[in-house]
Structure formats: C-alpha cells, structure tokens
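Hi everyone, thanks for coming along. Let me put the sequence and the structure up so that we can walk through them together.

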Amino acid sequence: MSAHDIHAGHDDHHDHDDLHVTMGDYVKGFILAVILTAIPFYLVMNNIITDRTTAVAVLGLFAVIQVLVHMVYFLHMNGKIQGGWTMLSTIFTVIFLAIAISGTLWVMFHMNTNMMPGHEMHQAAGHADHAGHTAPAAVTP
C-alpha cells in the first residue's frame, strides 16, 4: 500500500476550503487599514471632537472596523473556511471578551463608588497645590 493510496480520499472534503487570495485583496486591505488609521489620527491631532465620550465612541468604532478589515483581508476569515467553525470561534471570543471587559469595568466603577463614598469631601476640604492637586484634610485623633 503506497502513501498515495492511504491519502486517496483525504482531499475530498477540503474542496470548499480553497482560499484564493490575490495581491489586489492585500492592497485593498492595506489601503483600508491606512484610511482607518489616518482618520482617527486626524480627528485626535486636530481636536475635531471636543466631547470625550463622543471621541471614545468614534475612535472605538474605527478600531472595531479596523479589526474586521484585518480579519477579512489579512487573516482571511469568512464563514466558508473550515465549515464556518473559524468564524464561530471568533464570534464566541468576541462575545466572551465583551462580557469580561464590561463586567470588569462595571465592578471597578461600582467598587470605586461604594468603597470611597467620602472621597469627594476630603478633596474639597484639602488645599490645592500649584499643580491643582489637593492635599488630604488634617486628621484629628
């Protein structure tokens, strides 16, 4: 029995996994990546968006779009490769990261709020130095 006979039917189920990538796909991905980097850079350097919350939302949106461009054009991820399992595992990872990050931020915010209730009062009672920092209020025994 030869090696060819052993692997004779091996490639039969991989015909849907053919990946045809051209130089044009890489160029499109590169151009999109440059544009998606240049626009946020321009917005930040020229102070186009003055509201911090809006700036974080816009820059986050550009970041997500850029991640998707990299996944499609450079990592060649789509629903057809490996029967869709690669895309399914990526979606699971994104959902897991979103839950972990939002949960961490939620816990940190609420711990800061609940564990330091008098923090604002101490800052108001303290004195500010030349840099704007406040010194803690005098503690009497």
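Let's start with helix α2, where the buried residues are Gly29, Ala33, Leu36, Pro40 and Leu43. Buried here means under 20% relative accessible area, with exposed over 50% and partly exposed in between, using a 1.4 Å probe and protein chains only. Helices are DSSP runs of H or I with at least four residues, numbered from the N terminus.

Before going on, a word on the source: this is a predicted model, where local features need pLDDT of at least 70, side-chain atom pairs count only at pLDDT 80 or more, and totals for chains, interfaces and linings use all residues. Residues are numbered from 1 along each chain as its sequence is written, and side-chain values use heavy atoms, leaving out hydrogens and water.

Back to α2: what covers its buried residues includes α3, with contact meaning heavy atoms within 4.5 Å. Just after α2, Asn47 has a positive phi of about 50°.

How far apart are the end C-alpha atoms of α3? They are 31 Å apart, which agrees with the 32 Å that its 22 residues, 52-73, should span at 1.5 Å a residue; the expected span is 1.5 Å times one less than the number of residues. Inside α3, Ala55, Phe62, Gln66, Val69 and Met71 are buried, and their cover includes α2 (23-45) and α4 (85-115).

Finally, the unreviewed UniProt entry annotates residues 26-44, 56-75 and 87-109 as "transmembrane region". Such annotations may be inferred rather than shown by experiment; feature names are shortened and positions follow the numbering used here. In the model, residues 56-75 are 90% helix and 0% strand, while residues 87-109 are 100% helix and 0% strand.

Definitions and conventions
Helix = DSSP H or I, 4+ residues; strand = E, 2+ residues; numbered from the N terminus.
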